[in-house]
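This report describes a model of two protein chains for a reader new to structures. Please look at the sequence and the structure below before reading on.

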Amino acid sequence: MLPVAYYVGLSAILFTIGALGVLIRRNSIVIFMSVELMLNAANLAFVAFARAYEAISGQIFVFFVMTVAAAEVAVGLALIVAIFNTKQSIDVDQMNSMKG
Amino acid sequence: MFLSEAASSGPQFFYLVPWIVFIPVIGLLTNILFGARLGEKAIGAIASAAAGLSFVVAVLLMVSLMGHPEGTVVPFLDWITIGELQIDWAFQVDTLSVVMMLVVAGVGTLIHIYAIGYMHEDVRHNDDPRRFRRFFVYLNLFIAAMMILVSSDNYMMLFVGWEGVGLCSYLLIGFWFEKGEKGIGNALAAKKAFITNRVGDFGFILAALTMFGVFRTFRFEEVFAQAPDVATAFPLAILMITLFMLLGVTGKSAQLPLYVWLPDAMAGPTPVSALIHAATMVTAGVYLIARSAPLYVLVPTAQATVAWVGGITALFAATIAVAQFDIKKVLAYSTISQLGFMVAAVGMGAFTAGMFHLVTHAFFKALLFLAAGSVILGMEKGHHHVEHDPALKKKLKGGGHAFDPQDMRNMGGVRTRMKTTFWVYLIGAMALAGIPPLAGFWSKDEILAEANLFLPGVYILLTLAAFFTAFYMGRQVLMVFFGTPRTEPAAHAEENPPIITVPLIILAALSALGGLLNLPGIHTFGHWLEHTIKIEEAVQAIHVGEAAESGFNFVVAGSSVLIALIGVTLAWFFYSRRYRTLQEMPAGKRPDDPLRALLGPVFTLLENKYWVDELYRAVILNPYVSLSRFLAETIDGRFWHDWFHDRVLYNSYQVLTRVLAVQVDLGFIDATANGLGKASQWLAGRLRLLQSGNVRSYALSVFIGVVLILGYLLIMR
């Protein structure tokens, strides 16, 4: 059985990629996918520790995260479609009408 | 309580007692609401029926009292409850209050019926038939207020009735408010009555407040129960209560020094003079003292004061009555004098005698006033007749308008023209003069007998008053009814219809037979009142002794009859024999009254009522008016308004507003508000730069924030 550090390391790498994606990319769909990557990195850490400590609660928490992620996807994609309908673009840098 | 007693004896109608107030109220409301459509006859019938039904209730109460002479208190409403002050509207049914109810409702009913006829003529003579309804509304209101007064079980509710009858008196004296001297004479008379009564009422209020201070209650029963103990603890308090109460009595019952309103009150229509200013309202003071008997017997000083006030008033007013020419003024002064008799009686502790005289006086004085009203109407009809007869009109001196139908100098020989009125007047006059066996003789004699025992000084005053009473009544009867007519209207006076004469005949019968109520030796009335006016045996031995109980004092009775006969004979001598010879003198030189020739200035003094009105005007009224004027013009106008308000307040206010506006408002409040505004604007200008609109920079700041927080959590813990 692999030690838990491997899993945590993978989770950290995935999380970093996700965070960098959110911060660097301008396409909102890609940003969205990066957010999913971060969530799943967290999920991986959850199940890894759940198995390591034999605590079922970590695994259950993953289901919650997945449910929330699904809901988020539904809302987020709807928003992106609505934004595309009005702006003909999904570039986040152009969504600056709230500039103070 | 009384359910168990009902089984013991006699029928029970005590629960009916609130109706004695509410039936007249219903009557007056009916007349207010529907009277305009009903017409004179129905208005009069409703008002009379209301008074009559009250009388029926009073009779039922009397019947109930025969079985239960101790009476009862019928609770009705809670009126005021503040802390320990508790005032209820409860009805006191006992022998004393029921006597008053019977008199008020009984005499009141007769006067209501009489007023239907009288006011029909009166409103016609005064050109305002629409006032007919108003008159009966006031009359019913008076009955209701008077019933509240006599049926109350505490001093405060009694005071409500006391003020109520004062109001009705005011309204009815000023009934023809646009008439009288200079068009305001009647209004002034009404005002005088009201204000004079207010002086007395002030005394009543002081008495009531002192009473509450000492007794902590207003209820008769509780006050009287505590009275003996309080009298030993605070004798001065009881003295104050009784003397202040006496002040109230002098106002309402027209005693010295507050009697001056009653003669002027004759400005009201004659039924009013009969009902309010002779038979009922003015006796409220006598009732009050009789009701407060347990207090008065505790303070001999107060008793003596009351008796002396009554005695002096009796003589004082009787002498004035001798020299009056207005038929109603004579009766008014006579009323004051007779009220003096009653007050003297209750002052001496002869409560039964005082109440007995109250009842008989109600009969014969109501009779006399109503009969005088009948004479006045007859004279007005005669005047009317003369005015419409060109041949006779020439003889009318001074034109049509100057004629005064109330001046006895214009009368004479009315006997043959108004037979019924003459006979009833004669009965009333003899009853008042104290000729046996008419009612006045018995009651007056009882008072004289008591006075003879207790206060010889007052006895002499009262006997002299009785002499003058006989004299002025003889004078009046002779001047009005005997001799030859002195004016054409008197020669053509007409008798009135039965609606006026029938009540007179009933009252005449009562005046003749009223003495049967309390014959010496039998004392029906005395025993009847004994149940209510219970004086402690020990006290009674000192101050109170129902003298007449011991027997009939023949010396006193004989001398009073003798004095009355002398008075009448003297009157006959002057006003029948002398008068006839006076008539033969030439018109310019002859004095209008035989006594004027004999007494000269004394007669003028009496005719002008000892100039008491003028004295009051000089001593009280004028200084008061000057003081008011000084206060109004100098203190209020010049000092307070012109200087203090317009100068001091105005200027200091201006200075103050300027300071507030410039220094405080502009300098501080505005500056603070503006400063706050500027500060937030500056801050907002800085903060808005943070909102770049760049989503990724937001994300970066969130990321950095999370890293920092996590870093803090990891490193610091």
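## Chain A: fold and shape

Chain A of this predicted model has 3 helices and 0 strands. Along the sequence, the pattern reads α-α-α.

The C-alpha atoms of chain A fill a box of roughly 50 × 25 × 25 Å along the principal axes. The radius of gyration of chain A is 17 Å, whereas a compact globule of 100 residues would have one near 13 Å. Of the 100 residues in chain A, 13% count as buried. Among contacts in chain A with a separation of 6 or more, 46% are between residues 24 or more positions apart.

## Where the chains meet

The contact between the chains takes 11 residues from chain A and 10 residues from chain B. On the side of chain A that touches chain B, 6 residues are nonpolar, 3 are polar and 2 are charged.

## Confidence in the model

The model scores are ipTM 0.85 and pTM 0.77. For chain B the mean pLDDT is 86, and 94% of the residues of chain B reach 70 or more. Residues 1–8 of chain B have a pLDDT below 50, and this stretch has 6 contacts in the model beyond near neighbours in sequence.

Residues 536–550 of chain B also have pLDDT under 50. For this stretch the model has 23 contacts beyond four places in sequence. Where pLDDT is low, the predicted coordinates should not be read in detail.

## Domains of chain B

Chain B is divided into two parts: domain 1 covers 357–536 + 544–603, and domain 2 covers 612–684. Taken over C-alpha atoms, the centres of domain 1 and domain 2 of chain B are 64 Å apart.

## Nonpolar cores

The largest nonpolar core has 229 residues. The residues with the most contacts inside this core are A344(B), A366(B), L367(B) and L462(B). Helix 16 of chain B, residues 351–387, gives the largest share of the core, with 20 residues. A second, separate core has 5 residues, including A19(A), V22(A), I31(A) and F32(A).

Leaving aside residues up to four places away in sequence, L462(B) touches G311(B), A314(B), F341(B), A344(B), I447(B), L448(B) and A451(B).

## Loops and backbone details

Most residues other than glycine have a negative phi, and most peptide bonds are trans. Chain B has some exceptions, described here. A254(B) is not a glycine, yet has a positive phi of about 55°. This residue, A254(B), sits in the loop between helix 9 and helix 10 of chain B. P437(B) has its place in the loop between helix 19 (419–433) and helix 20 (439–454) of chain B. K609(B), a residue other than glycine, has a positive phi near 55°. The loop between helix 28 (601–607) and helix 29 (612–687) of chain B holds K609(B). K609(B) is buried, because 22 other C-beta atoms lie within 10 Å.

Is V297(B) buried or exposed? V297(B) counts as buried because it has 24 C-beta neighbours inside 10 Å. V297(B) is in the loop between helix 13 (293–296) and helix 14 (300–322) of chain B.

Note on methods
Residues numbered from 1 in each chain as written. Chains lettered and ligands numbered in written order. Predicted model: local features only at pLDDT ≥ 70, side-chain atom pairs only at ≥ 80, totals over all residues. Contact = placed C-beta atoms within 7 Å. Nonpolar A, V, L, I, M, F, W, Y, C, P; charged D, E, K, R; others polar. Domains from an automatic or database assignment. pLDDT = per-residue confidence, 0-100. Helix = DSSP H or I, 4+ residues; strand = E, 2+ residues; numbered from the N terminus. Rg over C-alpha atoms; globule rule 2.2 N^0.38 Å. Buried ≥ 20, exposed ≤ 12 C-beta atoms within 10 Å, placed from the backbone. Core = buried A, V, L, I, M, F, W, Y, C linked by C-beta atoms within 7 Å.
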